[in-house]
Amino acid sequence: MATDADLLSNVVRSQAEGLATLFGRMVPAEGTPEAAATVQWAEIAGRLHSIWTEFQVEQLGKAGSDKPPHFADPARWIATGEAVMRQLPFANPEVQQNLWNEGLALATAVFGQYGLGPDAGKRAADAAGEPELPRKDRRFADPEWRRQPFFAFLHQAYLMLGEHIIGMADAVEGLEPARKAQLRFATRTVVDALSPANFPLTNPVALGKAAETRGESLVRGFENLLDDMRKGQLTHTRPGAFVLGENIAVTPGKVVFETPLYQLIQYTPTTDKVLKTPLLIFPPWINRFYILDLNAKKSFVRWAVEQGITVFMVSWKSADASMADLAWDDYIAGQIEAIDVVRERLGVPSVHAIGYCVAGTTLAATLAVLARKGQGDKVASATFFTAQVDFEHAGDLKNFIDDQQIETVGRLSPDGYLDGRYLAASFNILRGNDLIWSYVEKNYLKGEDYPAFDLLHWNGDVTNLPARWHLDYLRDLYRDNRLVVADSLSACGAPIDLHRITTPAYIQAGREDHIAPPASVWKLTRYLAGPWTFLLAGSGHIAGVVNPPSSGKYQYWTAEGRSETLDDFVAGAQEHPGSWWPHWADWLRERDSEEVAARGKRKPGGRGDRVIEDAPGRYVSER
């Protein structure tokens, strides 16, 4: 029986051999003008074969010691595709007849645009004089897809078939809503993967690039593919383009406290006076904290410091085997500890807190624990960036959450932690065309150079997760939705009841967020006992948050008074251009505008202040 490695080898080998065979058949007779070009193509085929052979030898040396990532296993992808197709009515004679009839009509119409077939005299053209095809998709926007009738029909037939397959998934009856959503998601994922744009011999743009570069693009792309196979992760940005503390995560500051779970960074003030109440930011530990400190122009941290706010940031440690037994209690306790450290360090009664994504979910639980213990006044205000507490309609990630998927996560964590590459692959699949297949085409098929893009660098800078915490999080929150059931969960010796939270809250959601949909984020307002302000930002989970005023991008919406539903909010909301950050800063100052001089421990690392190291610290670079 073939192993997973054999299957993967066969997939790549078949592509390389197919190209080599194609080149071989193009060999002209000796002495013709094309003979020199033939030598070049033969050399390219030889280099591809040599590169692949070296890779195989290299992998044989690692056999048994380093298994390929689960999500990179072609056998599992093929099994997923087969499982999806088995649930769709392809065997239905009526479905087959409809597909045949529509396919025949499409072929007649498309080839007719090129003067071929029975509709040859009915050619239409757009303003650019190109054939007018019935379906449009940005994946096939390049004119090469319309230049030849074969490729025109190929991508039009794919789009037609994709519409039918997705329609079949939508029409399947007898499934529970969650299973139906999973089927739709899996179907769309499979359809996206089968695009002719994703394969070298069916992509005219890639073939044209190969001809233009005399095959060098194929070599570069193949090398890119094998490099990613070595590291088990898709590359989005140029390796080595960004260095922590040099051109990314560069806001000056010091690590002032650390535990085995996190480091606490305090940033250096740039104003003479600062708000008396400091700001403590809890980023998600499923990513690196510097999403909020990408560079000087995009940094929320730098901007907040410039507004006269003393900013602290938690930098979570990427999990290793020593963290196998960490549970949600540990992260909640970590947040409470960080709050107390900041309060004691600056001699203040309370902090403003921000929780982003999963850290925002955890911040809600932390506030509930503090409220239960009579310590709610330790947090003067709480800001939630794209954070959910009610997971009933929690977006596309729900498609990965069922008993089978949870069991799989457990098997993928033999050392007590989940490799961050698995989670990165899951997030990439949510936007497969944007974060997977467009890069397959550009970097594998066309051999293009990677861009130097800070956001994509951050996206690929993965962190590992403690297995116990991750499994509990998936079961208790995503699957069973227990956080919104009063006293169903407990932490730090206290039952969790969100209705006890009286802390003033600022709740931000992204209008196009597919990870934490705005309708899901809105539900937080239904559980708070204190005052809250809801803001809807343009864009999604990242760009909706990281939108500095200097960019002039997007917009946000606010509404006066209390809205009972998100639809009511949207109906009565006023749109504002640009960044929502100044709106948040005004809201924060409305809570408490008292200022103090930026001296003493407000300036970390000053005389008599013992600190650990410069920001961004070492935890952020540990794998």
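Contact here means heavy atoms within 4.5 Å. The model is predicted: local features need pLDDT of at least 70, side-chain atom pairs count only at pLDDT 80 or more, and totals for chains, interfaces and linings use all residues. Residues are numbered from 1 along each chain as its sequence is written, and side-chain values use heavy atoms, with hydrogens and water left out.

**Stop one: Asp293.** Select Asp293, in the loop between β4 (279-282) and α10 (300-306). Helices (H or I, at least four residues) and strands (E, at least two) are DSSP runs, numbered from the N terminus. Show its surroundings: leaving aside residues up to four places away in sequence, Asp293 touches Ile248, Ala249, Val250, Thr251, Tyr267, Ser299 and Val301.

Asp293 is buried (under 20% relative accessible area, 1.4 Å probe, protein chains only). Yet Asp293 has no salt bridge (a side-chain nitrogen of Lys or Arg within 4 Å of a carboxyl oxygen of Asp or Glu). Arg302, the nearest side chain of opposite charge, is 5.4 Å away.

**Stop two: β2.** From Tyr267, a contact of Asp293, move to strand β2, residues 262-267. Six of its six residues are buried. Tyr262, Leu264 and Gln266 lie on one side, Gln263, Ile265 and Tyr267 on the other.

**Stop three: the partners.** Select β1 (253-258), which pairs with β2 in the antiparallel sense over five bridges (pairing takes at least two DSSP bridges). Three residues separate the two strands in a hairpin. Lys254 has Gln266 as its bridge partner. Finish on β5 (311-316), also antiparallel to β2 over five bridges; there, Ser315 partners Gln263.

Key: Buried means under 20% relative accessible area, exposed over 50%, partly exposed in between (1.4 Å probe, protein chains only). Lys and Arg count as positive and Asp and Glu as negative; His and the chain ends are not counted.
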